[in-house]
Amino acid sequence: MLITGASRGLGRKLAELYAADGWRVIACVRGEASFDRAIEALSLDVSDPTSIAALGRALEGVAIDVLINNAGTRGDTGGLATLDSDDFVAVMRVNALAPLLLAGALHANLLAGDNRIVANISSRAGSLAEGTLDDDDGDYAYRCSKAALNMATVKLAQDFRKDGIAVLSLHPGWVTTDMGGDEANVPVATSAAGLKAIIDEAGMADSGSFRSYDGRRISW
C-alpha cells in the first residue's frame, strides 16, 4: 500500500487504518513526518516530476497492491477576479498530472502486486453533472484539476485493463481537514473508513467508476 499526501488529514488516517489492518504501508510525505513502526515514510514532492521518478527508482522491485493518489492542493478560491496562471498550473500539476506520473512510475510495481488497484482521490467538485449543484466557490483551478483527474481515471482504466489493474475516482466528501475548512461536515475517520471499504472490495468490474466515500455512484 502506497499513499501520497500522508503526513496529515485523510492520507494519514488511511495510512493508519491500513496499518492497523495488517498492511505494509508506504506513506509518502513532503518534508518530514513521524509514524508508528508499521508505516514507512518516504519523501515525495508530487509537484516535482524528478521526485516522482526518484520514488519509482527507489521502489524498484517492490510489489505494490494498492496506490492511493491522495496528495492534493486547493489553490485560489477568489474566482475570475483573482485567477492567477501560475497558481492554476501549480494546482493542475499536483492534482491532475502527478497521479498520472505516479501511475507510470509505479506501473511495474502494480503489475507485481496482487490487488492491482489505483485509487485517485478526486472530488464531486470535479463532476460536470454535480459539481456546481450546492455551492458557489470560486475555486476554478481545483474544480478543473479534479475534472481532469476524473478523465485521467477513465483513460488509465482503459489503458490498464489489459494488465488487470483497476483504476477508481473517489470522492471523500467535504472532509474536516485543513483543506476542507471550518464548514466541512464529514469527519476524517468516517471518510477514510468509507474509502477503505470501497477500495478493499474493488475489482475490475469497478474500474473507471466514480464513487463517493458512502458508496454512492457520482455522475461524471
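Select helix H3 (residues 85–105) and helix H5 (residues 140–160) in this predicted model; helices here are DSSP runs of H or I with at least four residues, strands are E runs of at least two, and both are numbered from the N terminus. The two helices pack at about 15°, with axes 9 Å apart. Axes are lines fitted to C-alpha atoms, for helices over the stretch in contact, and angles between N-to-C directions run from 0 to 180 degrees. H3 is therefore roughly parallel to H5, a label for angles under 35 degrees.

Next, show the side chains where they meet. Contact (heavy atoms within 4.5 Å) involves residues including Phe88, Val91 and Leu100 of H3 and Tyr142, Leu149 and Phe160 of H5. The residues of this contact divide into 16 nonpolar, two polar and two charged.

Now select Val25 and Ile68, which touch the most other members of the largest nonpolar core, a set of 28 residues. Such a core joins buried Ala, Val, Leu, Ile, Met, Phe, Trp, Tyr and Cys residues through side-chain atoms within 4.5 Å, buried being under 20% relative accessible area with a 1.4 Å probe, protein chains only. Helix H1 (9–20) is among the elements giving two or more residues to this core, and H1 supplies the largest share, five residues.

Stay on Ile68: beyond neighbours within four places in sequence, its contacts include Leu14, Tyr18, Ala119 and Ile199. Finally, select Cys28, Leu106, Ala157 and Val167, which are among the 23 residues of another, separate core.

Residues are numbered from 1 along each chain as its sequence is written. Local features need pLDDT of at least 70, side-chain atom pairs count only at pLDDT 80 or more, totals for chains, interfaces and linings use all residues, and side-chain values use heavy atoms, without hydrogens and water.

How values were computed: Parallel < 35°, antiparallel > 145°, perpendicular 65-115°, else oblique. Nonpolar A, V, L, I, M, F, W, Y, C, P; charged D, E, K, R; others polar. Buried < 20%, exposed > 50% of the residue type's maximum accessible area, 1.4 Å probe, protein only.
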